[in-house]
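Good morning, and thank you for coming. Please take a moment to look at the sequence and the structure on the screen.

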Amino acid sequence: MIRINEITEKVATYIDKPDLELIQKAYIFTAQAHLGQTRLSGEPYLSHPMSVASILADMKLDEATVTAGLLHDTVEDTRTTIDEIEELFGEEVADIVDGVTKISKMQFESKAVAQAENIRKMILAMAEDIRVLMVKLADRLHNMRTLDFQPSLKQRLISQETLEIYAPLANRLGLHRTKRELEDLCLKYLKPDVFEQIDQGVASHHTSGQAYIDKVTGLINEMLKANEIKGRVAGRTKHRYSIYNKMLQQNLGLDQIFDLIAFRIIVGSLKDCYAVLGLIHSIWKPVTGRFKDYISIPKANMYQSVHTTVIGPDGERIEIQIRTEEMNRVAEYGVAAHWQYKEKGKKGSNRDAERFTWLRQILDWQRDLQDPREFMASLRIDLFQDEVYVFTPRGDIKELPEGATPVDFAYAVHSKVGDQCAGAKVNGRLVPLGTPLKNGDRVEIITDSHRNPSRDWLKFVKTARAKTRIKQYIRTEERARSIALAKEMLEKEGRKLGVNYTKALKDGLIHKLAEEFSFPSVDELLSQVGYARLTPRKVLQKLYAMLHPGEKLTEKQADERKAADAAQSEEAAKSAKTVKKSEGIKLSGVDDVLFRFASCCNPLPGEPIVGYITRGRGVTIHSLDCTNIKGFETDRVISVSWEGVEDKPYPAKMRIVCRNFKGALRQVTAILTSDDVNIQSGSFQSNVDGNAVMEFTVEVKDLAQLYGVLDKIRLVESVTEAVRVS
């Protein structure tokens, strides 16, 4: 087991006049608190907090953090309270311990929710003091190092959580050593066979490749000496998880990966970094597309370095990283390299929040997410993505995940800019909103105060912030629609049952009715009706009972009233010039429901159709062969059919390909006119192959008319294709 003297000696190497008495005092307190407790390995429990404190000292963190590492489990696993910690060790240490303390004693509906809330609490604690996460990462690293003693199922569960949350967080903080070790340990337990294969392959490569490493290192040292540049060179084999990731992404076998070795050149100044880069490229050919300059545009975690891959001696691909001593310190220790905790009592939380824009973004969108599982899904998206760096018109840099679009950029600037995004210019040119952005792009957002977020944006946005805001707007809109739909349904059904809903609302009875159903407000009651979770009849039956105490509107009476109402209006319906029943659609088993036609397939009378119950918008009618049906929830699909079709035009889309010659458009439009088909809109495009493509949105009475006119267009000699477009 690690000794306390080893920890204090480490701290003394990087802090001038450290408060070692505080650490010694925490050691004695922890030893007494955990006395008699053991780990699954059989070791005294004290070995765990000692190891955590040692890891924190390796990260070169301050005395308060190392002390908190020793104390981090005392509140959860012993009778110690936060107040005791504060009294004995001060507010600063107590705040870190409180932030790290797990919430396992709280009750949740599932393990998934418990895990999500635990992570949410950790993220919030980070905002107050990012040292909370440093302790948590050290705790997780030691647990992963000793995972052999856990059951195999728990090994996999803990490893999966570590890989999805803790390793990416370590990366975000620039703790590359911690990140690499966590990833390798996760691979060991999640893919033991793969890990062993890579481990053996790397070991054999290291044995045979050491001579190669020495050769390249010698050549670089000679180059530095010849050009009078002071620096040092180190070669290493890439860590196991990064090799596995490359095998997975590029579908390669271990024997097909040639750049297993990476070299690092540490020089004295920024000028020397670029000088060495030029020298490297002058002696070895660079690999196209494998150059990255993180010095001019640092990563969000403050990482700076120049990366290049070259064809080295003997035709081997080798990766070379070039950086200064200060950059190397940040690359190894990340955020820990920037702590200035020598001024006692200063947490520096404001400085941290300013430095880590990604942390501020997480805090912003997490407040909008009530469902902890949705929060977890969004967090994974933001942590896992590689970054691209783009510029605002004023030259400010915005960091976004790889594949991000102008809409993501708009929301990164401000929520209001995202909500009102109407267009975008990238490098001065107008582009579609779904265009993926690239490093160095200059992005300008065009806003319109009348514009609102679109559901279609969810198909291409990448950031959790954008997804959250768009979903929030959609939910608000759907709720408003569901409430309006519910009012319409209750008023209509109420007239048939002899219940005046509008009067009851004015008299305050609907408020009492909401309480009867245990809803906090009338709007909540109405939204449940609009979402089809509560039937209008059930609501009106209770309302009838409130209006007529002692009486009960039975199902039989309700049906009789409905039948009488239907008989009374039957004659008027027959004399109507246009069929109004269900607007030409019969819904199987459902009466008087608001519906609309899907714009994705524009179903026409005469073709097979299906209905889909949408939240807050009634029923959407799709053609049976619509590709979107595959993604529908089966319990919300209902059977529908055409009945008494109204004599009115329906929109349909068609595409015609023909030889591009004078009069081609006139021939097509003449056929449409002769068949009484109106053109709503259209486009015409000439191709370099001599063909022209015409696309029209037309108005037809039914499916038969559409296919009839398409058949006639196909008979035109110059036409090679005439089809309906879905």
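I shall speak about confidence, then a sheet, then the nonpolar cores, and finally a single threonine.

This is a predicted model, in which local features need pLDDT of at least 70 and side-chain atom pairs count only at pLDDT 80 or more, while totals for chains, interfaces and linings use all residues. Residues are numbered from 1 along each chain as its sequence is written, and side-chain values use heavy atoms, with hydrogens and water left out.

The pLDDT is the predictor's confidence in each residue, from 0 to 100. The chain averages 79, and 80% of the residues score at least 70. Over residues 339–355, however, pLDDT stays under 50.

Let us turn to the sheet. Helices (H or I, at least four residues) and strands (E, at least two) are DSSP runs, numbered from the N terminus. Two strands pair if DSSP finds at least two bridges between them. In what order do the 4 strands of the open sheet lie? The order is β18-β19-β17-β20, with antiparallel pairing. The edge strands, β18 (678–686) and β20, each pair on one side only.

Strand β17 (residues 650–659) is joined to strand β19 (residues 691–700) over 10 bridges; here A652 has V698 as its bridge partner. With strand β20 (residues 719–725), β17 pairs over 6 bridges, and V657 is partnered by E721. Between β18 and β19 there are 8 bridges, and the partner of I679 in β19 is V698. Helix α27 (residues 664–674) packs on the sheet, touching β17, β18 and β19. Helix α28 (residues 703–714) also packs on the sheet, where it touches β17, β19 and β20.

Next, the cores. A nonpolar core is a set of buried Ala, Val, Leu, Ile, Met, Phe, Trp, Tyr and Cys residues joined through side-chain atoms within 4.5 Å. Buried means under 20% relative accessible area, exposed over 50%, and partly exposed in between (1.4 Å probe, protein chains only). In the largest core, of 62 residues, L56, I85 and V93 touch the most other members. Its largest share, 8 residues, comes from helix α9 (residues 131–145). A second, separate core has 31 residues, including F595 and L672.

Finally, T217 lies in helix α12 (residues 192–226). Is T217 buried or exposed? T217 is buried, with a relative accessible area of 16%. Beyond neighbours within four places in sequence, T217 is in contact (heavy atoms within 4.5 Å) with V233 and F263.

Note on methods: Axes are lines fitted to C-alpha atoms, for helices over the stretch in contact, and angles run from 0 to 180 degrees between N-to-C directions.
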